[in-house]
Amino acid sequence: MRGTGRTFLVGLGVVVAGVLLASLRVNPYLYFAGYVILQYIVIATAWNILGGYAGYVNFGTPAFFAMGAYTAVYLIQSMRAPLPVLILGGGLVSALLGLGIGYLTLRLRGVFFSIATLALSIVLQTMIINWEYVGGSRGLSVIRPSSPPFGNYVTFLFTVMVLLAVIAVTAARFIERSWVGRGLAALRDNEEAAECMGVPTLRLKLFATTVSGFLLGVAGAPFPYYVTFVEPNSAFNLDYAVNALAMPMIGGTTSWVGPVIGAVLLGSAQQLATVTISSEMNLFIVGVVLVAFVVLAPEGILGLVRRLRSR
Amino acid sequence: MFAWDLLANAIVAGLLLGGVYAAVSLGVSVIFGLLDIANIAQPAFLILGAYAAYVMYSTFGLDPILAGVLFTPVFYLVGAGVYRVYYGSFERRGEESLRGLVFFFGILFIIEVSLSIKFGVDYRVAQPGYVGKSIELGGIGIAYRLLVPCLVGLAMTLALYLFLARTFYGRAIMAVSQDRLALRLMGANPVKIKTVAFGIGIAAASLAGALLITITPVIPSTDRDYIGRMFAITVLGGMGSIGGTLVAAIILGIAESLMSTFFGPSWAQAVSFGVLLAALAIRPAGLFGR
């Protein structure tokens, strides 16, 4: 139990550091940028639980993220629910969606699963576009609550994201080191063989898709308060799909550290590129870096480090 | 009262659209259906082809479809090159599934973003001389804007069908999809044949792009709409069956046309993905599956 205690302390330390950072009130842009990077840590970690551990490539990240965001919009519209309720609600709806795609894996493996998730994302986007209550295609302005518990609203959201990132990474680390993680690794390498050895593959896959969906929804739930204007094209943005798989691929998919490294590096690079060059250029960079990494360093940065060490 | 003429017009428009969709999906049928390579980047090559035709049309006044034909050798070479990289980096090492998929997704993204850096996000359309003319058949208008691309699409489908069924390379492509080892034992090089097939698939997509830009305005992110259409048609058509691709394309064309006539264009997009999800869940082998 010593390991768990230490993890808890490290996590607590990160959260405290986040709160301190938030109370510093440096340039407000830094909190904006920091929020996005933290959000990507959650997204990349969540994607990796299914994509990296279980080997099912999910192209539908925007669907889960947007379900979290739109559940939040619905809860704000109907009852002005407080932020923790939004996060929990968004997470639960996306977890249900995750459970659904988990059952899809019964029939669809490999490429077909990936295409189906992409299809899911487009179908859901069409439904949201035609649902006027949450803004339809025109979008909807969301008014932030007048007074956050501390600081101003941006620093408050920043702190919330720090907490969510810590939760996501801790969950991923826990899964990776438990029998669940080993079972997922077994089915990633050979699903039939794992099934024959008595690994409960369906239950494990359902667990992975549900947890992954939950965390993606959680990442999306504070989004309406962050941008204050939600419309389908930004919530269902394909950039989330690309980043969600690029970040773990760049960092390394087999360990919980990989997505964090990838999200911090690629997320910061994108924020820098957006400010200094243009937002389109930053997407171009993501694409090129992604292709370069899968071709030249398929194990990601972690793989490169491991290779250097073993020399 | 039910609007019968509206229905008839929608069905005819859907049929014409189906011819173009068949052309759009031929490349996926070859690359994904026959070679079993999950080339998610295919719709990006479609849009790249559309922009190539657009540039020739707007700078030299060349007919966009003719420009598309002229560009096919270039895209063939691009396709062959992409396959070589894919083969060297993934297929040879037996890592094609997960990383190969990510590779193509990255290429899709690079092409889309490059196009929006170069051309911006304005809608582009090519309108050669025959656009705007139409023939009238018993109260149903058939626009040349749709008819010409549809006929070219049908010609492409027929040509590919004959190529696969009658020529040495065509038969070798069919063979490589069935048994790579047996093909090697017969003295043919599977990598070379797959390179040819991949090049043809990309060239077909580029020509289909030229058809596309004559019937509908295109922006760089249009490729996303066609991911669903292409794969829905290929899966529904039975993965690599050219005849099946044509039938599935026409079904999808009519379904979309009806949907946008009676429920509004914003729902048309969901048709292809709905069909895809249903096909995958109920009958993954498609209508004409092997």
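Predicted model: local features only at pLDDT ≥ 70, side-chain atom pairs only at ≥ 80, totals over all residues.

Me: Fine. What covers the buried residues of H5(B)?
Reply: The cover includes helices H1 (4–34), H3 (64–91), H6 (168–178), H8 (190–215) and H10 (242–262) of chain B, along with strand S2.

Me: And which residues in H5(B) are buried?
Reply: Among them are Leu146(B), Val148(B), Pro149(B) and Cys150(B). Further along H5(B), Met156(B), Thr157(B), Leu160(B) and Leu164(B) are buried too.

Me: What span should H5(B) have, and how far apart are its ends?
Reply: H5(B) runs over residues 144–166, so at 1.5 Å a residue its 23 residues should span 33 Å. The end C-alpha atoms are 32 Å apart, which agrees.

Me: Switching topic: how many helices and strands are in chain B?
Reply: Eleven helices and two strands. In sequence order the pattern reads α-α-α-α-β-β-α-α-α-α-α-α-α.

Me: Do those strands, S1 and S2 of chain B, run parallel or antiparallel?
Reply: Antiparallel, with four bridges joining S1 (residues 134–137) to S2 (residues 140–143). Glu136(B) stands opposite Gly141(B) in S2(B).

Me: Which residue takes a positive phi in that hairpin?
Reply: Gly138(B), near 55°; the hairpin has two residues between its strands.

Me: Last one: what's the radius of gyration of chain B?
Reply: 19 Å, which agrees with the value near 19 Å for a compact globule of 290 residues. The C-alpha trace spans about 65 × 45 × 35 Å along its principal axes, and 53% of the residues of chain B count as buried.

Terms used: Residues numbered from 1 in each chain as written. Chains lettered and ligands numbered in written order. Pairing = 2+ DSSP bridges. Expected span 1.5 Å × (residues − 1). Buried ≥ 20, exposed ≤ 12 C-beta atoms within 10 Å, placed from the backbone. Contact = placed C-beta atoms within 7 Å. Rg over C-alpha atoms; globule rule 2.2 N^0.38 Å.
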